[in-house]
Each structure stands twice: as C-alpha cells, then as structure tokens.
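Please keep the sequence and the 3D view open while reading.

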Amino acid sequence: MTRLQKLQIEQSENREALGVILDKDEKTAEDRAEMGKLSKRAQELETEIRAAILAGDEAPETVVDNDKDDPEARELANLRRRSSIYDYVDEAVHGRPVEGASHEFRQAILGEDRHGYLPLDILLDDDGIEQRADAVTNIATAIQENQQSIAARVFARGAAAYLGVMMPTVPVGTTTYPRINSGTTADVRNPGVELDGAVATLDTVSINPVRLTASYTYSSESLVKVVGFEDALRSDLQAVMMDKYDSLAINGQAASGTDSPAVSGIISSLDDPNNPGAEADWEDYLAAYDDRVDGKFAMTDAEVRLLVNADTYQHALGKTVGTEGRAGLLRDRLPRERFRVSANMPATASKISTAIAYAYGARNLARGFIMPTWRGIELIPDRITKAKAGQRVLTAVMHVGFGAVDMRAYTRLEFQTAA
C-alpha cells in the first residue's frame with residue numbers, strides 16, 4: 001500500500017469518527033475534546049495528502065532510455081517512487097531526519113545525505129543578507145473553519161525533457177563536457193598499402209553554476225488564519241523554481257545589470273533564421289519535419305519533434321491540406337506526440353513565432369544541451385531575521401548551469417502565423 005493510500009484511508013476513518021460525534025444530540029466534554037483532536041488531524045491530513053500527491057509515482061519523461069535494463073537504474077527508479085517530498089520538507093522545517101526510501105534516494109542522487117536538501121530528481125528544483133523591502137504576504141481576514149485546500153498556481157508544463165535536455169547532478173566545482181569534433185576516416189586498401197593516421201580533435205564546454213533562487217516573506221498571523229498556508233507557499237516555491245529552470249533552458253536570458261548573469265538557452269544558442277515573408281501554409285509545417293531528416297540525427301520524420309507557442313499550434317491545426325489526394329485538415333496529419341506547445345516559448349511578435357525542431361534519432365547523442373544541477377533544491381526556513389516584525393522568510397536555493405555542448409540536433413524555425 002502506498003503512502004497516499006494510507007493517508008486517504010486514515011482521512012476516511014477520521015471523517016467517519018467526526019460524523020459519529022456530530023450526530024450526537026448532546027455532546028460531552030470528552031466528545032468536544034475528541035472532536036477538536038479529529039479536526040486538527042483532518043487539517044494535517046489534507047496537507048500530507050497534497051504533499052503525497054506532489055511526490056506522485058509518475059516518473060519524468062525521458063527522451064532516450066538506454067538504462068531500462070540496468071538493475072541500478074531500476075533500483076533508483078524504485079527508490080524515487082517510494083520517496084516523498086513531504087519527508088524532505090518535514091526535515092527542513094521541523095528538523096525530523098529523513099529516513100527510509102527518501103533517505104536512500106537522496107544519498108544515491110547527491111552522493112551523500114545532505115540535510116535540508118531536496119533532490120531535484122524527485123520533482124520530473126549572497127554571502128550577505130540583502131537589506132531590501134520584501135513584499136509581505138499577509139492575510140487580513142480570518143478564513144472560516146470550512147476552508148478548502150489552497151489551490152496552487154498554474155505553471156507551464158516542463159518541456160526540457162521533450163527537447164532531450166540532459167539534467168545530471170554533479171559534484172562541487174566546474175563541470176566539463178568534452179566532445180570529439182573530428183577524427184579519422186575508414187577506407188579499404190590494397191595489400192601493403194597503409195592508411196595514414198589522423199588526429200582526433202576535441203571540443204570542451206565548461207559549465208559553471210549560477211544561483212537560482214526564489215523567496216517568500218509572510219506574516220506569522222497568516223499561519224494561524226489559513227490552514228496549510230506554509231505548505232502551500234513551499235509547494236509554490238518549488239513550482240516557480242522549476243518553471244524558471246525550464247524557461248531558462250528554452251530561452252536563456254540577457255544579463256540584468258549587476259543583478260543577474262546572462263544565461264544561454266537553446267533558442268539563444270541557435271542561428272536566428274530570416275523571417276518568412278508570407279503566412280505559413282500546411283507545406284511549411286510538414287517541411288519543418290521533413291527538412292530535419294538527414295540520416296544521422298533523424299532517419300525519418302518520426303524522429304523529429306517540434307516545440308511551438310500556442311499561436312503557432314492553433315494556426316497550424318486550422319490549416320487545410322489542399323493538394324489533390326491529400327485533402328483534409330492538417331490537424332489530422334501533424335503528430336500530436338511530436339507537435340507540442342510550451343507556455344515558456346517566446347510570444348509571437350509582429351506575426352512571427354519562433355519554434356524549435358529537435359531531431360532525436362542519433363542514439364549516441366548524449367550531450368546536446370545540458371543543464372547540470374549542483375546537489376538539489378535547498379529549502380531554507382528563516383524565523384529569526386524578521387522575528388521582531390512577526391514575519392518569516394522561506395527561501396529556495398538551487399545551483400544550476402546551462403551549456404550548449406552539441407547543437408546539431410536542434411534547429412530554430414520561424415513561422416508567420418497571420419496574413
């Protein structure tokens with residue numbers, strides 16, 4: 001039985017026990033005390049069930065699974081399924097040591113058991129204190145006892161794995177990825193005729209970590225007025241970090257003064273094509289697949305994926321294939337599993353939309369675009385710094401890197417989505 005199932009059974013039993021007491025016409029002091037305990041446990045169960053759902057059993061999408069027959073990989077996947085985000089959060093906030101599968105999983109991913117760290121894989125995450133005014137979340141009005149669970153914000157679904165981005169966990173220090181750029185050739189020779197040797201050349205990409213962080217400042221009053229408030233903020237922090245991580249992989253970002261460094265994403269690492277001079281037709285969308293087939297990175301158009309924005313998706317699916325013998329809607333010909341939208345793709349500008357084509361047929365292409373992570377997400381609850389103001393700070397810190405090691409499998413495309 002899974003952790004979630006156990007919690008759901010306990011929740012059902014808790015409700016039944018509450019119902020028995022509530023049905024009594026006259027309630028004793030013992031009944032009221034028991035009702036208080038059951039009500040408190042009901043609130044705790046809601047928080048634990050949400051955390052168990054977030055921990056889920058669904059593994060993140062992978063583009064190439066070369067390790068499916070590897071016993072070590074299967075054991076790691078099994079540990080991940082049995083681990084829970086709640087265990088790591090409970091450790092960071094309440095100091096309870098992580099045990100069981102969650103302990104083993106963190107040790108396997110990070111190479112050691114790092115207290116206060118959440119392994120990035122389970123989500124599939126200044127030297128001085130900045131003295132700036134933080135926006136403080138403060139709930140002014142108490143919410144009644146019939147409060148429902150807090151609804152989470154909606155973020156873009158991750159697209160990095162769909163584009164074959166590698167996300168390894170690396171140890172301390174700069175990580176380096178070499179690649180053979182050129183080398184020898186093979187030939188048949190007559191007896192006694194030598195084949196001259198050739199020099200192999202290597203390209204090396206070094207990736208340094210940058211700090212990805214997000215933080216909430218909130219009042220202590222909010223904790224006593226809203227059930228599950230701190231847990232909801234914690235989950236939101238994790239979600240916003242992963243959304244930014246995915247957005248940086250796709251787009252990168254320009255430097256922002258002395259605050260933020262420049263980051264190279266897939267789009268910014270590719271050549272920017274000339275803008276089309278006419279509205280895209282059905283041939284243009286199908287050609288986006290066909291033109292990527294080169295016998296190396298794609299043997300057929302079935303080994304090509306496109307990532308687009310919502311405007312491009314809607315425009316393409318509304319097109320009619322008009323050639324005789326191929327009449328019909330383009331939506332019936334575009335492969336849904338390989339024609340996908342991401343809200344993190346650039347918005348359409350002046351009728352021009354950017355798309356990414358990814359040819360993933362080269363099974364030995366293990367290093368295209370790489371986003372290593374150092375350790376995992378560290379959750380840092382701070383009840384001290386702003387205690388006099390009755391405020392708390394919850395910060396998430398993650399060290400990540402971005403590197404375009406071999407971009408030959410990627411192509412940047414442009415579509416004109418209006419006349």
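## Aromatic pairs

A search of the whole structure finds five aromatic pairs, where rings of Phe, Tyr and Trp (its six-membered ring) pair if their centres lie within 6.5 Å, and planes under 30 degrees apart count as stacked, over 60 as edge-to-face and the rest as tilted. The model is a predicted one, in which local features need pLDDT of at least 70 and side-chain atom pairs count only at pLDDT 80 or more, while totals for chains, interfaces and linings use all residues. Residues are numbered from 1 along each chain as its sequence is written, and side-chain values use heavy atoms, with hydrogens and water left out.

The rings of Tyr-313 and Phe-339 are stacked, because their centres are 5.5 Å apart and their planes meet at 20°. This pair links distant parts of the chain, since Tyr-313 belongs to helix α9 (residues 310-317) and Phe-339, 26 residues away, to strand β12 (residues 339-341); helices (H or I, at least four residues) and strands (E, at least two) are DSSP runs, numbered from the N terminus. Phe-339 is buried at 2% relative accessibility, whereas Tyr-313, at 22%, counts as partly exposed (buried means under 20% relative accessible area, exposed over 50%, partly exposed in between, with a 1.4 Å probe and protein chains only).

## A second pair and its cluster

The rings of Tyr-358 and Tyr-410 are also stacked, with centres 5.0 Å apart and planes at 20°, and this pair links strand β13 to strand β18 across 52 residues. Tyr-358 is buried at 6%, and Tyr-410 is buried at 5%.

Together with Tyr-360, these two residues form one aromatic cluster. Arg-305 lies over the face of Tyr-360, at 4.3 Å from the ring centre, where a charge sits over a ring if NZ of Lys or CZ of Arg is within 6 Å of the ring centre and within 35 degrees of the ring normal.

## Strand β13

Which way do the residues of β13 point? Ile-352, Thr-354, Ile-356 and Tyr-358 point one way, while Ser-353, Ala-355, Ala-357 and Ala-359 point the other way, and all are buried.

Strand β13 pairs antiparallel with strand β9 (residues 304-308) over four bridges, and seven bridges join β13 to the antiparallel strand β18 (residues 410-416); two strands pair if DSSP finds at least two bridges between them.
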